[in-house]
Amino acid sequence: MQWQVPLFDPDLGETEVQAVADVIRSKWLTMGDRTTEFEHRFAEFCGTRHAIALNSCTAALHLSLAAAGVSPGDDVLLPSLTFVATANAIRYCGARPVFADVASLDEWNVSRDTLESVVTPKTRALIVVHYAGYPCRMDDISAFARERGLSVIEDVAHAPGATLAGRAMGSWGDAGCFSFFSNKNMTTGEGGMVTTNRDDLAARIRLLRSHGMTTQTLDRHKGHAFAYDVVALGYNFRMSEFNAALGLCQLNRLRGLNEKRREIGSWYRHRLQGIRGVAVPFGHSVGGPAFHIFPVLLPAGTDRAAVMERMKAVGIQTSIHYRPVDTFTAYVEAGLGPRKHLTLTHDIGNRALTLPLYPAMSKAQVELVCSSLARSLEL
Ligand SMILES: *Cc1c(COP(=O)(O)O)cnc(C)c1O
């Protein structure tokens with residue numbers, strides 16, 4: 001399908017082509033100097049003591065929870081309005097996901113109140129998702145977690161470069177988990193990162209990322225070590241040098257790309273005011289968002305599938321973020337859903353529509369999307 005306006009369009013250029021070619025010429029293809037440099041630069045960008053590169057955000061969530069000690073018998077709080085990987089990571093650790101509702105029809109993030117209303121005696125940790133790049137109210141949520149002795153994991157997949165009170169998202173919790181999948185604000189194809197200020201978590205995640213081995217291939221290659229022990233049941237969640245080389249290029253441009261997203265978002269907000277019944281969430285957002293996606297709330301009772309079909313017919317790609325995790329078959333069959341108390345989440349799940357958003361989008365394309373949406377709603 002040739003889209004007039006695709007949902008997303010990664011910003012990749014000759015710099016990236018050159019960077020990947022350089023990796024091939026270097027003949028060192030995984031977890032080498034580029035990965036180390038990417039980690040240093042990312043930690044600096046977020047203002048954290050550590051950044052650990054992995055092959056996905058899913059792996060980052062899994063290892064952050066494991067390193068925080070989440071294990072069978074524990075409960076972990078999280079939103080249901082998220083990508084399924086957030087919840088899956090909890091289940092990989094043998095723990096139970098406990099879903100919290102979003103704060104309101106305007107604020108599609110969990111809040112201290114919605115977390116507090118589902119907390120259980122077995123709760124060990126909570127995961128926040130900075131939905132669409134809009135920061136959660138971390139001051140309130142961190143205070144709640146401190147009072148209860150809970151670990152806080154941030155799912156920052158939508159929010160690289162977002163800030164709250166001058167601090168980067170990903171530096172507020174015990175760990176921040178980033179994604180560099182193809183449709184994210186910065187991409188390495190596949191890839192992820194954990195940021196943390198805790199030395200113990202960083203060491204544990206580094207160990208688990210590569211089979212629980214005490215030394216790395218690069219250390220042995222450089223003659224720093226000759227043997228290794230295996231001291232934990234680890235995984236292979238390593239990042240390749242191709243991903244790291246792309247990540248370095250993209251990180252250089254992230255602020256500029258996010259600024260373009262912000263500008264396009266403001267065109268959308270302005271234009272959509274003229275379309276009856278369509279609400280744009282996060283009218284009262286806090287901090288400096290990263291504008292990952294542009295979701296709107298359609299009028300109740302709208303035939304959303306028909307709207308998407310009509311927009312597709314004129315070459316405009318749309319999507320839904322998200323079908324609530326507690327409604328998926330695998331979650332229902334595991335006895336984890338559906339959860340009736342998630343009233344707002346389920347309402348949003350039925351009415352949300354994600355419009356195209358990417359840095360190269362023109363004002364004319366925004367106009368095309370909005371006029372097509374208005375027409376599709378009238379039919
Ligand atoms: C994309 C995404 C993930 C998973 O990221 P991967 O790098 O593909 O594993 C997790 N959580 C959220 C909110 C996401 O959008």
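This is a predicted model: local features need pLDDT of at least 70, side-chain atom pairs count only at pLDDT 80 or more; totals for chains, interfaces and linings use all residues.

Q: How many residues surround the ligand, and which are the closest?
A: The ligand is surrounded by 15 residues, and the closest are Cys-57, Thr-58, Asp-155, Ser-179 and Lys-184.

Q: Which domains does the assignment give for the protein chain?
A: The assignment gives domain 1, covering 14–251, and domain 2, covering 255–378. Their contact draws 39 residues from domain 1 and 43 residues from domain 2. Taken over C-alpha atoms, the centres of the two domains are 25 Å apart.

Q: How is the size of an interface often given?
A: It is often expressed as the accessible area lost when the parts come together. Here, about 3,600 Å² is buried between domain 1 and domain 2, with carbon and sulfur atoms giving 61% of that area. Of the area that domain 1 buries against domain 2, Trp-108, Tyr-134 and Asn-185 supply 20%, more than any other three residues.

Q: How many salt bridges and how many residue pairs in polar contact are found between domain 1 and domain 2?
A: The count of salt bridges between the two domains is zero, whereas 20 residue pairs are in polar contact across the interface. On the side of domain 1 that touches domain 2, the elements giving two or more residues are α4 (84–92), β3 (96–100) and β6 (163–164). The residues of that side comprise 21 nonpolar, 11 polar and seven charged.

Key:
Residues are numbered from 1 along each chain as its sequence is written. Side-chain values use heavy atoms; hydrogens and water are left out. Domain bounds come from an automatic or database domain assignment. Contact means heavy atoms within 4.5 Å. Buried area is the accessible area (1.4 Å probe) that two parts lose on being put together, summed over both. A salt bridge is a side-chain nitrogen of Lys or Arg within 4 Å of a carboxyl oxygen of Asp or Glu. A polar contact is a pair of N or O atoms within 3.5 Å; within protein, one must be able to donate a hydrogen and the other to accept it, and residues adjacent in sequence count only if both atoms are side-chain atoms. Helices (H or I, at least four residues) and strands (E, at least two) are DSSP runs, numbered from the N terminus. Ala, Val, Leu, Ile, Met, Phe, Trp, Tyr, Cys and Pro count as nonpolar, Asp, Glu, Lys and Arg as charged, and the others, Gly among them, as polar. A residue is near a molecule or strand if one of its heavy atoms lies within 4 Å of it.
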